[in-house]
Amino acid sequence: MSLDATAVAAWLADFAGQIHEHEALLTDLDREIGDGDHGSNMDRGMKAVMALDVASFPTVADYLKKAGMTLVSTVGGASGPLYGTFFLRLGVTWGEPQNALDVGKALRAGVDGIVARGKAEVGDKTMIDALVPALAAYDEHAGEGVAPALAAAAEACAAGRDATIPLVAHKGRASYLGERSAGHQDPGATSATMLIEAAARTLS
Ligand code: ADP
Ligand code: MG
């Protein structure tokens, strides 16, 4: 099982790479139903996270918490505090995970943090629409191990992302558009899927 500092740093590096590669997509999606800054916000934040050296932290938990604080202070907008809270709570719960159940608990703590902060529910057309089904799929497959559970989570996350398209937004900037927000994929659900897909590629 590979859930050590190197694996966690590889997860964040993979996520940072996806954000950078798809910065224009994320910005275009946010231009349709927001203010067109999600790609640039996230890219700036993940570049700052990439400047952290995992080896300089006493524990993986400290690294994750610092990554969260870095996102809070560099991303801005709605998504900065939300992704920041995810990594802060993930760090608090991470410890030294021994199995898929431990990883699931940490991921759930992270997503619970996003919900506590943003108060979004499934169906509000936010990143929560991707992350909540991802966690459910993870739990369903946790008995098979970290890699199969994360693979199932990534698939469910992508399905949740796609399911945001017809929804009317009830949270965040997109909600200002009312009915006109329908027919567009939520940018935060799109970046959140990159996060979980990156986990599936790097943690096992
Ligand atoms: P801003 O809307 O402030 O410009 P971003 O463009 O970086 O911030 O992020 C927008 C994304 O944040 C949305 O696509 C949505 O997924 C997510 N989001 C916004 N508000 C909330 C909320 N209250 N709870 C969860 N996610 C939210
Ligand atoms: Mg925006």
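## Helices α2 and α3

Helices α2 and α3 are oblique to each other; oblique is what remains once angles under 35 degrees count as roughly parallel, over 145 as roughly antiparallel and 65 to 115 as roughly perpendicular. Their axes cross at roughly 140 degrees and come within 6 Å, with α2 covering residues 23-33 and α3 residues 38-50. Axes are lines fitted to C-alpha atoms, for helices over the stretch in contact, and angles run from 0 to 180 degrees between N-to-C directions. Helices are DSSP runs (H or I, at least four residues), numbered from the N terminus.

On the α2 side the contact holds Glu23, Leu26, Thr27 and Asp30; on the α3 side, His38, Gly39, Ser40 and Asp43. Contact means heavy atoms within 4.5 Å. By class these residues are one nonpolar, four polar and three charged. Here Asp, Glu, Lys and Arg count as charged, Ala, Val, Leu, Ile, Met, Phe, Trp, Tyr, Cys and Pro as nonpolar, and the others, Gly among them, as polar.

## Basis of the model

The model is predicted: local features need pLDDT of at least 70, side-chain atom pairs count only at pLDDT 80 or more, and totals for chains, interfaces and linings use all residues. Residues are numbered from 1 along each chain as written, chains are lettered from A and ligands numbered from 1 in written order, and side-chain values use heavy atoms, without hydrogens and water.

Asp30 is buried at 9% relative accessibility. Asp37 is partly exposed at 23%. Buried means under 20% relative accessible area, exposed over 50%, partly exposed in between (1.4 Å probe, protein chains only).

## Aromatic pairs

There are four aromatic pairs. One of them joins Phe86 and Phe87, edge-to-face, at 5.1 Å centre to centre and 90 degrees between the planes. Rings of Phe, Tyr and Trp (its six-membered ring) pair if their centres lie within 6.5 Å; planes under 30 degrees apart are stacked, over 60 edge-to-face, the rest tilted.

Phe86 is buried at 1%, and Phe87 is buried at 0%. Together with Trp11 they form one aromatic cluster.

## Positive phi in a loop

Lys119 has phi near 60 degrees, a positive value in a non-glycine residue. Lys119 sits in the loop between α6 (100-118) and α7 (128-141). Lys125, also not a glycine, has a positive phi of about 70 degrees and lies in the loop between α6 and α7. Lys119 is exposed at 57%, whereas Lys125 is buried at 1%.

Key
Helices (H or I, at least four residues) and strands (E, at least two) are DSSP runs, numbered from the N terminus.
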